[in-house]
Amino acid sequence: METQRLIVDNNVDSEKSYSQAVDLLNAGELVAFPTETVYGLGAIATNNTAVKKIYAAKGRPSDNPLIVHIGTFDELENYVEDISDKARICMDAFWPGPLTMIFKVKPNVLAESVTAGLDTVGIRMPNHSVALKLLQKLGKPVAAPSANRSGKPSPTEGIHVEQDLTGKIPLILDGGATGVGVESTVIDLTLETPVILRPGAITKEMFEKVIGPVKQPTHIEQKQGAPRAPGMKYKHYAPNAPVLLIEKDKNQVASAIQQLQQQGHKVALLAPQDFEELTPDWFFTLGETQEDMAANLFHALRACDLTTADVVLATVTTTQGVGAAIMNRLEKSAGGKWYKQK
């Protein structure tokens with residue numbers, strides 16, 4: 001299969017590209033497109049045959065449910081049984097935006113492969129001009145996980161999708177680099193006390209300002225049982241070389257680099273900009289703020305694959321605010337492994 005990557009932005013007449021994408025989706029094919037978080041790999045969410053192509057293209061486990069993307073508020077009632085007061089408050093506060101909400105799904109409407117056998121579904125309205133225009137032109141729900149090979153870092157640029165999925169999908173709408181950089185927050189609003197299933201840019205603190213108490217278990221606590229949202233169960237975000245987490249302490253990082261290099265390892269370091277003065281074989285900055293780290297993380301992990309590094313050291317952050325999302329992704333990328341001084 002030939003894969004086209006078409007540039008779509010405000011400076012280019014992109015109507016033909018959108019029409020091509022809509023035609024492909026209506027024909028049961030896959031289209032990758034940008035959102036404000038990462039690039040998604042989309043199929044019409046009511047077409048089970050098309051949705052199964054997502055799992056095949058990504059190599060994704062079939063018990064890992066998909067998020068449904070919609071382009072208007074009115075569509076939500078077509079797919080879910082009940083919209084609680086808390087859900088409506090969150091919609092008003094955070095949609096369109098990087099928020100996926102878990103609802104009870106209406107039976108026999110969405111493709112069975114979307115929900116992976118669950119009685120719930122995650123739905124969001126992305127805050128990206130390309131995604132919204134595509135969804136509104138299509139007028140149908142689109143199931144779309146991140147547009148990467150399963151387990152690899154999520155794509156934040158169209159070229160990342162091309163690197164992972166060339167020959168597996170027909171079209172990539174390239175809207176440039178995404179902004180947020182980590183996938184949407186997923187919150188289960190079917191429970192009396194809502195639970196964050198996947199942290200993201202919409203934080204626990206932000207929820208609690210508008211709907212009161214919210215639980216946020218660690219990803220280790222969430223791994224028990226069937227995943228109710230994407231990314232809860234399986235190792236994710238891993239470059240080719242193993243990732244080891246390390247405290248954001250220059251002396252500790254310098255010692256780790258020296259020890260690893262003495263053992264014959266080639267080391268890539270992911271850290272704040274001022275760690276560049278250390279002596280890793282490759283250095284990729286994560287930035288200074290948590291927002292910078294979120295935006296740069298997946299790009300930096302992917303950059304490691306363009307080196308011959310055989311160990312990646314990644315400095316950690318706090319779990320406050322967006323830090324919870326960053327640590328969630330870092331811990332999964334490393335499989336929970338930390339550098340141990342020898």
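**Exercise 1. The start of α9**

Find which backbone nitrogen a side-chain oxygen of Asp249 reaches at the start of α9.

*Solution.* Keep in mind that you are working with a predicted model. Begin at Asp249 and follow its side chain to an oxygen. That oxygen comes to within 3.2 Å of the backbone nitrogen of Asn251. A polar contact needs the two atoms within 3.5 Å, and this pair lies within 3.2 Å.

**Exercise 2. The length and faces of α9**

Work out how the span of α9 compares with the expected one, then decide how its buried residues are arranged around the axis.

*Solution.* Start with the length: α9 runs over residues 250–262, which makes 13 residues. From first C-alpha to last, the helix reaches 18 Å, close to the 18 Å expected at 1.5 Å a residue.

Next, pick out the buried positions, taking buried as under 20% relative accessible area. They are Val253, Ala256, Ile257, Gln259 and Leu260. Looking down the axis, these residues fall within an arc of 170°, so they line one face of α9. Asn251 and Gln262, on the other side, are exposed.

Now see what covers the buried residues: among the elements doing this are β11 (243–246), β12 (267–271) and β14. Finally, step just past the helix to Gly264, where phi is positive, at about 95°.

**Exercise 3. Placing Thr319**

Locate Thr319 between its flanking elements and list what it touches beyond four places in sequence.

*Solution.* Thr319 sits in the loop that joins β14 (311–315) to α11 (323–333). With residues up to four places away set aside, Thr319 touches Ala324 and Met327. Then compare Thr319 with Glu247: they are 72 residues apart in sequence and 13 Å apart in space, C-alpha to C-alpha.

Terms used:
Residues numbered from 1 in each chain as written. Predicted model: local features only at pLDDT ≥ 70, side-chain atom pairs only at ≥ 80, totals over all residues. Heavy atoms only, no water. Helix = DSSP H or I, 4+ residues; strand = E, 2+ residues; numbered from the N terminus. Contact = heavy atoms within 4.5 Å. Expected span 1.5 Å × (residues − 1). Buried < 20%, exposed > 50% of the residue type's maximum accessible area, 1.4 Å probe, protein only. Arc of directions from axis to C-beta. Polar contact = N/O pair within 3.5 Å; in protein donor to acceptor, adjacent residues only side chain to side chain.
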